[in-house]
2 protein chains.
Amino acid sequence: MKEGPDIALIGSLIGDPARANMLTALMGGQALTATELAAQAGVTLQTASSHLAKLEAGGLLTQRKQGRHRYYALSEDEVGLMLESLMGFAAGKGLTRSRPGPKDPALRKARVCYNHLAGDYGVRMLDSLIAARQIEMTDDDDLALTDAGRIRVESLGVDYAALRKSRRPICRTCLDWSERRSHLAGSLGEALLTLFIENGWAKREQNSRAILFTAAGEKAFLELFPR
Amino acid sequence: MKEGPDIALIGSLIGDPARANMLTALMGGQALTATELAAQAGVTLQTASSHLAKLEAGGLLTQRKQGRHRYYALSEDEVGLMLESLMGFAAGKGLTRSRPGPKDPALRKARVCYNHLAGDYGVRMLDSLIAARQIEMTDDDDLALTDAGRIRVESLGVDYAALRKSRRPICRTCLDWSERRSHLAGSLGEALLTLFIENGWAKREQNSRAILFTAAGEKAFLELFPR
DNA sequence: TTCATACTTCGATGTTAGGCGAAGTATGAC
DNA sequence: GTCATACTTCGCCTAACATCGAAGTATGAA
């Protein structure tokens, strides 16, 4: 007994409803202030402050001071992956808090998973890249860009050299809770989503994880990543 | 707010130290009785009973009555994958409960991850299978056996037809918390570990997740799965 | 300097839930 | 039948912690 990592500490951090709401909100990928997170969680500012301090102490969140605001964000990609894995299980058990409302289909179609694209479109993109042999399984990590893939993403406008410089993995799998299949995470996943938004193909919906494609953006995306 | 799956419920289930101990013990893959789990968790039988009821209600555990014993086990592969993901994060943060003791190196070398092989040897096996093009990335799921791979595992003694019949995925990736790389899960991962044990190459250490290879078994394993 | 905003810290309160003793049920052995 | 084991249910206690009001600190604006 008592061997291995201590999952109880992290579980208890996620286990409080107010904190879970905050983490879910931060899965949207944008850094949020303590006041915004308090509203999302449905608690007062004092309570939120205490929760945020605990999450930061537990290593789930990082804080950035900017003027009199404090912006909080998930501390690493790995936190997002972990939360997505919990969501996948919870969704499988039918443990959804909101009745499948009008937002739900939009979330299943395309949403932000911390910093990359998830949902049907996210899965489709990875499938398409693999089918075109632009991403492959490797023995070094889960996924790797092939030479063809590097050329492809550079032609899309991704600064591959910059990605390579960083110590973060370029490609990672992330299990999609709505599709129950993998989509692309890692710094390339982040770069591609950023690109779609900068191109004006898609934009984030405020206060939601949903991603809304424009008509032209959707057309371009579907042509770039055929099924 | 309040969109997406409810992770707080599952987090709180994992967040209690007694329950976390039980789940960690069950990651060993063997079904355990309520009394055994009470001992692992360090609580009385009454307390354990209450915890087990909650874990079962939350869908993390299944129960099987056998005479006057009740055997508990993780309910699905997905629970194991989720717990391993939490452990990966906790280990990364240095949140280990036990000081790196004598057991630790053994655990890092080879251990059970619910029902399949993990640790250095688990990662090595998947690397080797991929390098030999016996497992590949697919657009249907994370991993797939190639034709060469099917022949290979059948020659090792795996009943491939039986695996195919079940609705469970044959190959899955599982992130290894000690190596921080993927190893092979799914029904094939389970079948291979079972095989190693049935062949007498390795055995499970009692009350631990460690897997001990015999000298002959280790030699055979390393030859079968070169780096 | 004065005021306002953004947030933290302190202190008190109240609910929750983990813990266990005691009593109750179920299965098996004799 | 009686006894023993394995486990559950009940009831009570206690400790932990989420919550918020009030007061304190830091930053920026006027």
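Student: So what's the strand order in the open sheet of chain A, and is the pairing parallel or antiparallel?

Tutor: The order is S1-S3-S2 in an open sheet of 3 strands, and the pairing is antiparallel. Strands here are DSSP runs of E with at least two residues, helices are runs of H or I with at least four, and both are numbered from the N terminus. Two strands pair if DSSP finds at least two bridges between them. Before we go on: this is a predicted model, where local features need pLDDT of at least 70 and side-chain atom pairs count only at pLDDT 80 or more, while totals for chains, interfaces and linings use all residues. Residues are numbered from 1 along each chain as its sequence is written, chains are lettered from A and ligands numbered from 1 in the order in which they are written, and side-chain values use heavy atoms, with hydrogens and water left out.

Student: Fine. Which strands of chain A stand at the edges?

Tutor: S1 (32–33) and S2 (61–66) of chain A. Each has a single partner strand, so one side of each is left without a neighbour in the sheet.

Student: And how many bridges join S2(A) and S3(A)?

Tutor: They pair antiparallel over 6 bridges. Among the partners, Arg64(A) is bridged to Tyr71(A) in S3(A), and Gln66(A) is bridged to His69(A) in S3(A).

Student: What's going on in the hairpin of S2(A) and S3(A)?

Tutor: There are 2 residues between the strands, and Gly67(A) takes a positive phi near 60 degrees.

Student: OK, helices. How do H1(A) and H2(A) pack?

Tutor: H1 (residues 7–15) of chain A meets H2(A) at an angle of about 85 degrees, and the axes are 6 Å apart. Axes are lines fitted to C-alpha atoms, for helices over the stretch in contact, and angles run from 0 to 180 degrees between N-to-C directions. That makes H1(A) roughly perpendicular to H2(A), a label that covers 65 to 115 degrees; under 35 is roughly parallel, over 145 roughly antiparallel, and the rest oblique.

Student: Which residues meet there?

Tutor: From H1(A) you have Ser12(A), Leu13(A), Ile14(A) and Gly15(A), and from H2(A) Pro17(A), Arg19(A), Ala20(A) and Leu23(A). Contact means heavy atoms within 4.5 Å. By class, that contact of H1(A) with H2(A) has 5 nonpolar, 2 polar and 1 charged residues. For the classes, Ala, Val, Leu, Ile, Met, Phe, Trp, Tyr, Cys and Pro count as nonpolar, Asp, Glu, Lys and Arg as charged, and the others, Gly among them, as polar.

Student: Jumping to chain B: what does its sheet look like?

Tutor: Again an open sheet of 3 strands in the order S1-S3-S2, with antiparallel pairing. Its edge strands, S1 (32–33) and S2 (61–66) of chain B, each pair on one side only. S2(B) and S3(B) pair over 6 bridges, and Arg64(B) has Tyr71(B) as its bridge partner in S3(B).

Student: Where does H4(B) lie?

Tutor: Across S2 and S3 of chain B, running at about 120 degrees to S2(B).

Student: Which polar contacts reach its phosphates?

Tutor: Among them, an N or O atom in the side chain of Lys54(A) is 2.5 Å from a phosphate oxygen of DNA strand D.

Note on methods
Polar contact = N/O pair within 3.5 Å; in protein donor to acceptor, adjacent residues only side chain to side chain.
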